[in-house]
Amino acid sequence: LAVLFLTVITHGRFAAWLFALTVVAITIISLYFVGGRSYARFFIFPVLFLLIAVPWPSRVQLPLTGKMSTLNAAISARVANHLGTPAVRSGVIIETGSGPVGVDEACSGIRSFQASLMVSLFLGELFQFGFFRRGLLLFGGVGIALFCNVVRTTYLVRTCDLKGLDAVNLYHDQAGFAILGIT
């Protein structure tokens, strides 16, 4: 039934959200029938937490990714200049003496951002923080994700300037995985 449901609706993200919300609703209703209101309320966070795994709607993700890419490129170019690497930003492209370094969708920091949201929500619930402390945790997680991606992009810009454009391709994935792990 799920495969039929997902193939009928041609918009993948919309179908995924529709399907996920249906599963969440059925799960909460089932929990209510098994243990009553308090039982369903107790498990509401773990059930809703599953929605983090669903790809964000394009109307949310694409503008956010674009803004994060631009911000990342702007800050990284400025930091690279302060570190002695001549870098000029043009949109999401950072020009160095050895060539351009692009901050595309994959390098925008959206994965680190999503991971920091997930960890912040999880830790807030695990330690049963209040609203204010959860907000601080979310804000701090997003800040760490942004900082780490700026470090990564700056590192790649410096690598491009010092070792050439081919070195960027060599270190790109390693730097990405390291920053995601640190975040």
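This is a predicted model: local features need pLDDT of at least 70, side-chain atom pairs count only at pLDDT 80 or more; totals for chains, interfaces and linings use all residues.
**Overall build**

- Walk along the sequence and you get the pattern α-α-α-α-β-β-β-α-α-α.
- Take the contacts between residues at least 6 apart in sequence: 60% of them join residues at least 24 apart.

**Surface and charge**

- Of the 183 residues, 29% count as buried.
- The chain exposes about 11,500 Å², with carbon and sulfur atoms supplying 70% of that area.
- On the charge side, there are 13 positive and 7 negative side chains.
- The centres of those two charge sets sit 15 Å apart.

**Thr96, in a strand**

- You'll find Thr96 in strand E2, which covers residues 93–96.
- Thr96 counts as buried because its relative accessibility is 9%, and the cut-off for buried is under 20%.
- Setting aside residues up to four places away in sequence, Thr96 touches Pro86, Val157, Cys160 and Asp161.
- The Thr96 side chain also reaches the backbone oxygen of Gly99, at 2.7 Å.
- For a sense of distance, Thr96 and Gly124 are 28 residues apart in sequence, yet their C-alpha atoms are 42 Å apart in space.

**Ser76, in a helix**

- Ser76 belongs to helix H4, which runs over residues 58–82.
- With a relative accessibility of 0%, Ser76 counts as buried too.
- The side chain of Ser76 reaches the backbone oxygen of Asn72 at 2.8 Å.
- Leave out the neighbours within four places in sequence, and Ser76 is in contact with Ile94, Val150, Thr153 and Thr154.

**Putting the two side by side**

- Thr96 is a strand residue, while Ser76 is a helix residue.
- Each side chain reaches a backbone oxygen: that of Gly99 for Thr96, and that of Asn72 for Ser76.
- Val157 is one of the residues that Thr96 touches, and Val150 is one of those in contact with Ser76.

Notes:
Residues are numbered from 1 along each chain as its sequence is written. Side-chain values use heavy atoms; hydrogens and water are left out. Helices (H or I, at least four residues) and strands (E, at least two) are DSSP runs, numbered from the N terminus. Buried means under 20% relative accessible area, exposed over 50%, partly exposed in between (1.4 Å probe, protein chains only). Contact means heavy atoms within 4.5 Å. Accessible areas come from the Shrake-Rupley method with a 1.4 Å probe; for residues, only the protein chains shown count as cover. Lys and Arg count as positive and Asp and Glu as negative; His and the chain ends are not counted. The place of a charge is taken as NZ of Lys, CZ of Arg, CG of Asp or CD of Glu. A polar contact is a pair of N or O atoms within 3.5 Å; within protein, one must be able to donate a hydrogen and the other to accept it, and residues adjacent in sequence count only if both atoms are side-chain atoms.
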